Amino acid sequence: MTDREAPRAGPRLSHGVPGRRATVAVILVLALVGGAIAAGYLWSFGARTERDRAARLHQVTATTTGPAREPSALVRSGAANRSVAPAVWEYPDGERRSGTVEVPARTPQGRTVKVSVDDSGAPVRRAVGTSDLLLTSVVGGAATAGAVAATGAGVLVLLRRRTDGRTLAALEREWEQVEPVWSGRLRKENGSGTDDV
């Protein structure tokens with residue numbers, strides 16, 4: 001080997017495509033599994049909450065004391081063709097109560113409607129439907145999968161930058177040792193002044 005030949009050993013920047021693909025595949029699998037677990041947990045938690053809530057609900061007959069009106073955006077449950085109206089009902093133990101209850105759209109004053117109340121007699125919102133529960137589970141699972149994928153990608157980028165930085169620093173140190181020989185500075189400083197090999 002002459003002075004001008006590059007050494008064959010030493011650190012090299014390696015961005016192997018198969019290694020990168022495997023890492024990305026692992027991150028995607030973790031994201032999908034995490035999303036599926038989160039969706040399943042949300043479904044189970046929501047279903048259990050609704051079962052517990054339904055066990056404490058009581059159906060009573062209420063009489064509207066005013067016409068139905070559209071609920072405010074903050075109170076709206078997302079159900080189509082539902083409104084709210086003032087009403088009176090008796091529960092528990094025949095105690096007369098009043099309040100605003102959810103009724104079908106355009107319900108007139110004086111109409112009787114079925115209302116769900118809790119143990120204290122206070123009206124409660126309608127039960128969450130299967131479609132609402134499914135939507136919540138899917139959105140929660142997708143958000144979890146996105147968070148896991150973003151975190152994995154961030155960690156991968158940070159590790160790659162750190163590895164590249166170390167590799168480049170090692171190459172720089174090796175170049176500082178080899179460059180004087182390649183450029184001929186070492187021989188010129190010793191006074192030879194020739195480029196003989």
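Good morning. Among contacts in this protein between residues at least 6 apart in sequence, 61% join residues at least 24 apart; contact here means heavy atoms within 4.5 Å. Please note that this is a predicted model, in which local features need pLDDT of at least 70 and side-chain atom pairs count only at pLDDT 80 or more, while totals for chains, interfaces and linings use all residues. Residues are numbered from 1 along each chain as its sequence is written, and side-chain values use heavy atoms, with hydrogens and water left out.

I begin with the overall plan. The protein contains three helices and four strands, and from the N terminus on these elements follow the order α-β-β-β-β-α-α. Helices (H or I, at least four residues) and strands (E, at least two) are DSSP runs, numbered from the N terminus. Of the 197 residues, 22% count as buried. Buried means under 20% relative accessible area, exposed means over 50%, and partly exposed lies in between, with a 1.4 Å probe and protein chains only.

Let us turn to the sheet. In what order do the four strands of the open sheet stand? The order is S3-S2-S1-S4, with antiparallel pairing. Strand S3 (96–104) and strand S4 (112–117) are at the edges with a single partner strand each, so one side of each has no neighbour in the sheet. From one strand to the next, the twist averages 50°; the axes behind such angles are lines fitted to C-alpha atoms, for helices over the stretch in contact, and angles run from 0 to 180 degrees between N-to-C directions. Two strands pair if DSSP finds at least two bridges between them. Strand S2 (residues 82–90) and S3 run antiparallel and are joined by nine bridges. Within this pairing, Pro 86 has Thr 100 of S3 as its bridge partner.

Next, the nonpolar core. In soluble globular proteins, nonpolar side chains tend to be buried together. A nonpolar core is a set of buried Ala, Val, Leu, Ile, Met, Phe, Trp, Tyr and Cys residues joined through side-chain atoms within 4.5 Å. The largest one here has 10 residues, among them Val 60, Trp 89, Val 101 and Val 117. Strand S1 (58–64), S2, S3 and S4 are the elements that give two or more residues to this core. Leaving aside neighbours within four places in sequence, Val 117 is in contact with residues including Val 60, Trp 89 and Pro 123.

Now to helix H1. The structure holds one aromatic pair. Tyr 41 and Phe 45 form this pair, which is stacked, at 6.1 Å centre to centre and 20° between the planes. Rings of Phe, Tyr and Trp (its six-membered ring) pair if their centres lie within 6.5 Å; planes under 30 degrees apart count as stacked, over 60 as edge-to-face and the rest as tilted. Because Tyr 41 and Phe 45 are four residues apart in helix H1 (residues 17–55), about one helical turn separates them. Tyr 41 counts as exposed at 51% relative accessibility, and Phe 45 is partly exposed at 42%.

Not counting residues up to four places away in sequence, Arg 53 touches Arg 125, Arg 126 and Ala 127. Arg 106, in the loop between S3 and S4, counts as exposed at 76% relative accessibility.
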